[in-house]
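Here are a few friendly notes to read alongside the model. Take them one at a time, and keep the 3D view open as you go.

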Amino acid sequence: MQALNLPPFDVKLRGTREKPEIFDFLRRRFVALTPEEWVRQHFTHFLVEHKGYPQALLGNEIELKIGQKRLRCDSLLYNKEMHPRMIIEYKAPSVAVTQKVFNQISTYNLLLHVDYLIVSNGLQHYCCRMDYERGRYEFMQEIPDYQALI
């Protein structure tokens, strides 16, 4: 897999060359190793190990329902009351972070109304803080530490 703009972690792999799997420490099981999953695992480890995010408040592959339509958030950070606080959307390193990606995460936010949105392809990371009172958002210089969110 491609080197990313994220710190390394203790990767646990299994499977075959044709069907490799990586251990997802949040879901507590092995999942198919795709380029997007490679980014997700690096990013969630980064949040927990380097930014102090509580593992118990993070979830991967969270399903949302809008009527009959089902959507899937790549990762969510919850507050201690288990209300969504941050949506994180991942793309493979070969996928450019474009307006289409921000439109996708914004659709999820119409349902969840979170405080922070993050988009990453493992090479570029964008974080914005929502300001609902003023009807705008602010891009942040870096991914905030968990303590800054409290």
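1. Start with the sheet: six strands form an open sheet in the order β4-β5-β6-β7-β8-β9, with mixed pairing. Its edge strands are β4 (58-66) and β9, each pairing on one side only. Neighbouring strands of this sheet are turned against each other by 35 degrees on average, direction ignored. Strands here are DSSP runs of E with at least two residues, helices are runs of H or I with at least four, and both are numbered from the N terminus. Two strands pair if DSSP finds at least two bridges between them. The angles come from lines fitted to C-alpha atoms.

2. Please keep in mind that this is a predicted model, where local features need pLDDT of at least 70 and side-chain atom pairs count only at pLDDT 80 or more, while totals for chains, interfaces and linings use all residues. Residues are numbered from 1 along each chain as its sequence is written, and side-chain values use heavy atoms, with hydrogens and water left out.

3. β4 and β5 (residues 69-78) pair in the antiparallel sense over eight bridges. Which residue in β5 is the bridge partner of Ile 62? That partner is Cys 73.

4. Next, the largest pocket, which holds about 250 Å³ of space. A pocket is an open set of points on a 1 Å grid over the protein atoms alone, with protein on both sides within 12 Å along at least five of seven lines; lining residues have an atom within 4 Å of a point. The volume is the space filled by probe spheres set on the points, and the probe is 1.4 Å.

5. What lines this pocket? There are 13 lining residues, and Phe 102, Ser 106, Leu 117, Met 130 and Tyr 137 lie nearest the centre. α2 (99-112), β8 (125-131) and β9 (136-139) each supply at least two residues, with the largest share, six residues, coming from α2.

6. Tyr 137 also has a ring partner: Tyr 137 and Phe 139 form an edge-to-face aromatic pair, 5.6 Å centre to centre with 85 degrees between the planes. Rings of Phe, Tyr and Trp (its six-membered ring) pair if their centres lie within 6.5 Å; planes under 30 degrees apart count as stacked, over 60 as edge-to-face and the rest as tilted. Ring pairs link Phe 102, Tyr 126, Tyr 137 and Phe 139 into a cluster.

Note on methods:
Axes fitted to C-alpha atoms, helices over the stretch in contact; angles between N-to-C directions.
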